[in-house]
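Me: I am new to this structure and would like a close look at a single part of it. Please take one chain and then say how it meets its surroundings.

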Amino acid sequence: MGEEKRQEFWRWTESNWKNPELDWENTKYITIGIDVGSVSSQAVILADGEIFSYGNMRTGSDSPGSARNVMNFALEVTGMPEDRMDYCIGTGYGRVNVPMADKTITEIACHARGANFIYGPEVRTVLDVGGQDIKAIQCDERGKVTNFLMNDKCAAGTGRGMEVFSDLLGIPITEVGDRSFQVEEEPEAVSSTCVVYAKSEATALLRKGWSTEEVLAAYCRAMAERIYSLVGRIGVVPSFAITGGMAKNRGVIDRLMPMVGLESAKTNWDTQIAGALGAALFGYALCQKGKGRKKG
Amino acid sequence: MITAGIDCGAKSTKTVIIKDGQILGKAIVQTGFDQKKAVHESLGKAMKEAGISREEIDKIGGTGSGRNSVDMADKTVNDIKAMGKSAHYYFKNARTVSDVGAEEGRAVKLDEKGNPLDFAINEKCAAGAGFFIEAMARALETPLEEMGPLARQSDKVIPMNAQCVIFAESEVVGLIHAKTSKEDISKSIHDAMASRIVSMIRRIGVNEDVVMLGGVAYNPGFMSAMKRELRLDNIYIPDIPEYGMAVGAAIAAAEEI
Amino acid sequence: MLANYGYRDASGDHFITIDTDKCNGCGECVTACPQGVFVVLDEDPNDPLRDDPVAVVVSDKKKKLKYECNPCKSTFNRPPLPCVIACGQGVISHSW
């Protein structure tokens, strides 16, 4: 039960939206991208490459169920029948479990494509820090990936790693950002990358008299340094965009950005739809190449 | 000659007192935050068990990650050397020795005299060390000592996807929710651990006889998995494997002229 | 595209980088690797609009690269890696 309460931070408000200016009946290609993540799922419907509608909701414990649920969520605002769709692409952590997908594409490719749409062709570096992985992607002006790395092996720097630490310190994850700055002097980062060993280090620091906020600050700094060095491995080229759950954690982001030395790109779109959006865009491109459900 | 060996490890500090090849006394205490205190306590307890006083000990050897805290040592040796001395002392044909500590896994290649030729370490990542099994035991809500026997009751092969303690905990919880039996989950955990240790050993080459030191040697599930993964019938284990490195330190101290 | 498969954890960087611009999908790396780390796919999962085959690191092995590659990376005597030699086109590089 305590686990569910802690998950509150990751509970985005579920939302769906329809573009009032588009009409599905006068469209050549309708494509849908479905992104099933470990925490949340999105579906984006495009009408000839323009965003027609989208849905964003929590992933249930049942991946195939999530795919269908979020697809229905995006469909219900449109009044469009499901079989009108010309192509369905699945992506994300649970992409193998999108039963209605015609094809699946990796999150890396979809994220870059989606970021290109959301932030414009100037975006060259995308950093996505999610619940269980960190993705650093470089792309060209068309949103094609030119360099990437994804870490999903080591929990350090991921949302899960942060959760474990905030548990240890007894700080609700939503307060991590603000509390980490309630220190007189910014401490040095904890020396262990490994979350398990960082926990031991934290316990020792608390015993030495460090305040909870100081230990938290030291850990957030360590996480920012780790994320920075990961994205540094592929190189940060402007413009630079950050997406994913960690983007909302001030404790890490506000320490990371000065290291990067760039402003992060802004958008009015909900950045969480980047993956599903990219998937739907690929669907559109493939339809134009004649590979859609309806031929020609 | 009476010698003492003190292994100050990340989690526990082990002392062994030896005379003429016989163990007179031994003790194990939690290292905690104060290494020097643990060292003194451990030595004190071992001396009490041996019924001897400090003056009767001729040489003291120190080893382990906290060996610099063994301030009374006549000689300190690094873990690699201690492992070599120990393995060779117990098994003259030992050519490969491995020790899985709480925070580090190590493997050493030995020559016929027990001198280290090469070594490999799994360090800084908890998944490559003993802590992994402990953490999984907690996730499985099972006492650590029951983990091994549980694993022995399964013959299923369920590869673990996660290679990190934190993610593995979630994976175990997922397996529990999927109604996988405790026996099968425990086997999966031990297989995953053994696979990482054996991979480390392969860096220095697997040459028989292979010796295992450390408390993990008591874990039948782990040792079965190790033999399977190494494709060996026999892995040699000394009587009190958790004192393996402490014995090595005592031997090293005795050799000091 | 530079595809970096692998991870960085507390023990270091363990990435195998495949330069897909130089890869022609010949499969020599697949044959050369004793651990089955590589596979050639008809389509690049990270570039769905590419029509040529490309080598990738097998999904299941990505998180275990340090362990998978250990047999070829002996601490004492480090001979050149079989995958790199078999390729001959400079497609594959290891970060450790």
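In what order do the elements of chain C run from the N terminus on?

Reply: This is a predicted model. From the N terminus on, chain C reads β-β-α-β-β-α-α-β. Counted by type, that comes to three helices and five strands.

The overall form of chain C comes next. Its C-alpha trace spans about 40 × 25 × 20 Å along the principal axes. The radius of gyration of chain C is 13 Å, which agrees with a compact globule, because a globule of 96 residues would have a value near 12 Å. Buried residues account for 45% of the 96 residues in chain C. Of the contacts in chain C between residues at least 6 apart in sequence, 57% join residues at least 24 apart.

Chain C also touches chain A. Chain C gives 15 residues to this contact and chain A gives 22 residues. On the chain C side, strand β1 (residues 2-9) supplies the largest share, six residues. By type, the side of chain C that touches chain A holds nine nonpolar, two polar and four charged residues.

The partner, chain A, can be described by its domains. The domain assignment divides chain A into domain 1 (2-121 + 270-288) and domain 2 (148-260). The C-alpha centres of these two domains lie 30 Å apart. Where the domains touch, domain 1 of chain A contributes 10 residues and domain 2 of chain A contributes 11 residues. Helix α3 (residues 107-119) of chain A provides three residues, the largest share of the domain 1 side. That side of domain 1 divides into seven nonpolar residues, one polar and two charged.

One further feature involves chain A. The largest nonpolar core has 202 residues, and those with the most contacts inside it are A:I34, A:A43, A:V44, A:Y219 and A:A280. Helix α7 (residues 212-234) of chain A brings the largest share of this core, 13 residues. In soluble globular proteins, nonpolar side chains tend to be buried together.

Technical notes
Residues are numbered from 1 along each chain as its sequence is written. Chains are lettered from A and ligands numbered from 1 in the order in which they are written. This is a predicted model: local features need pLDDT of at least 70, side-chain atom pairs count only at pLDDT 80 or more; totals for chains, interfaces and linings use all residues. A nonpolar core is a set of buried Ala, Val, Leu, Ile, Met, Phe, Trp, Tyr and Cys residues joined through C-beta atoms within 7 Å. A residue is buried if 20 or more other C-beta atoms lie within 10 Å of its own, exposed if 12 or fewer, and partly exposed in between; C-beta atoms are placed from the backbone. Helices (H or I, at least four residues) and strands (E, at least two) are DSSP runs, numbered from the N terminus. Two residues are in contact if their C-beta atoms, placed from the backbone, lie within 7 Å. Ala, Val, Leu, Ile, Met, Phe, Trp, Tyr, Cys and Pro count as nonpolar, Asp, Glu, Lys and Arg as charged, and the others, Gly among them, as polar. Domain bounds come from an automatic or database domain assignment. The radius of gyration is taken over C-alpha atoms; the globule rule is 2.2 Å times the number of residues to the power 0.38.
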